Amino acid sequence: IEKRSDWLVTNGNTQEISNTIWAYAKLDHDAPALLAAIENRSDWLVAYGTPQDIANTAWAFATLGHKSPPLFAAIENRSDWLVADGSAQSISVTAWASAKLNYTSPALFTAIEQRSSWLFGNCSPQCIAVTAWAFATKEHKAPALFAAIESRGEWLVAHGKPQDISNTAWACAKLDYASPAFFAAIATHWDKIMTKGNELD
């Protein structure tokens with residue numbers, strides 16, 4: 001596949017390409033030729049791919065630690081569309097990938113902040129934690145997002161895994177959001193969180 005990367009990216013559709021690079025990243029198998037070929041067609045992939053295709057591709061680049069200014073610039077340029085049409089999971093994954101590779105992405109993060117209520121209503125605890133982590137990592141204030149976390153803190157703690165709770169708590173502290181209801185819920189469920197955490201260890 002690596003030897004025929006240019007052919008694959010030229011002739012494949014966006015889903016085929018994103019699935020292929022996602023598989024490489026899932027197996028932690030580097031693919032410099034394939035990554036370069038995708039990067040060369042970033043504008044096309046983002047223009048014609050679905051939000052899921054774009055999220056899978058961004059996740060793969062970030063997981064493999066491969067910086068790609070053209071890809072993330074193309075994502076940034078279509079942020080409003082991606083956040084309006086994407087699933088909660090695809091949005092959170094894209095935000096995570098952007099932060100992981102240290103891209104500021106103001107348009108993407110602003111679009112997410114504007115849809116915070118919808119995102120929280122359609123997102124798993126893991127998606128919320130990943131999104132909060134991305135905002136905190138880039139030190140991008142998001143009062144609406146963290147207000148939503150605070151308003152449903154009990155649900156997040158009750159349904160989230162210890163890692164989700166930990167990442168969200170870290171993000172609140174990093175951005176200086178006090179979140180008393182969320183932290184009170186953590187204190188209330190502390191024994192359960194510790195037990196689950198120990199089981200995962």
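Thr 168 sits in helix 14 (residues 162-174), where helices are DSSP runs of H or I with at least four residues, numbered from the N terminus. Thr 168 is buried, at a relative accessible area of 0%; buried means under 20%, with a 1.4 Å probe and protein chains only. This is a predicted model, so local features need pLDDT of at least 70 and side-chain atom pairs count only at pLDDT 80 or more, while totals for chains, interfaces and linings use all residues. Residues are numbered from 1 along each chain as its sequence is written, and side-chain values use heavy atoms, leaving out hydrogens and water.

- Leaving aside neighbours within four places in sequence, Thr 168 is in contact (heavy atoms within 4.5 Å) with Ala 129, Ile 149, Leu 156 and Phe 182.
- Ile 149, for its part, touches Phe 120, Ile 128, Ala 132, Leu 156, Thr 168 and Phe 182, not counting residues up to four places away in sequence.
- The largest nonpolar core has 62 residues, and Ile 21, Phe 72, Phe 146, Ile 149 and Phe 182 touch the most other members.
- A nonpolar core here is a set of buried Ala, Val, Leu, Ile, Met, Phe, Trp, Tyr and Cys residues joined through side-chain atoms within 4.5 Å.

**Helix 2**
- Helix 2 (residues 14-26) has 13 residues and should span 18 Å at 1.5 Å a residue; its end C-alpha atoms are 18 Å apart, so the two agree. The expected span is 1.5 Å times one less than the number of residues.
- Thr 14, Ile 17, Ser 18, Thr 20, Ile 21, Tyr 24 and Ala 25 are its buried residues.
- Viewed down the axis of helix 2, these fall within an arc of 160°, so they line one face; the arc is taken from the directions from the helix axis to the C-beta atoms.
- An α-helix has 3.6 residues a turn, so residues three or four places apart point the same way.
- That buried set packs against helix 1 (5-11), helix 3 (32-40), helix 4 (42-48) and helix 5 (51-63).
- At the start of helix 2, a side-chain oxygen of Asn 13 comes to within 3.1 Å of the backbone nitrogen of Gln 15.
- Just after helix 2, Asp 28 has a positive phi of about 55°.

**Cysteines**
- There are zero disulfides in the structure, a disulfide being a pair of cysteine sulfur atoms within 2.5 Å.
- Cys 123 is in no disulfide, and its nearest cysteine sulfur, that of Cys 127, is 3.5 Å away.
- Cys 123 is buried, with a relative accessible area of 6%.
- Cys 172 is in no disulfide either, with the nearest cysteine sulfur, that of Cys 123, 15 Å away.
- Cys 172 is also buried, at a relative accessible area of 0%.

Terms used. Helix = DSSP H or I, 4+ residues; strand = E, 2+ residues; numbered from the N terminus. Buried < 20%, exposed > 50% of the residue type's maximum accessible area, 1.4 Å probe, protein only. Polar contact = N/O pair within 3.5 Å; in protein donor to acceptor, adjacent residues only side chain to side chain.
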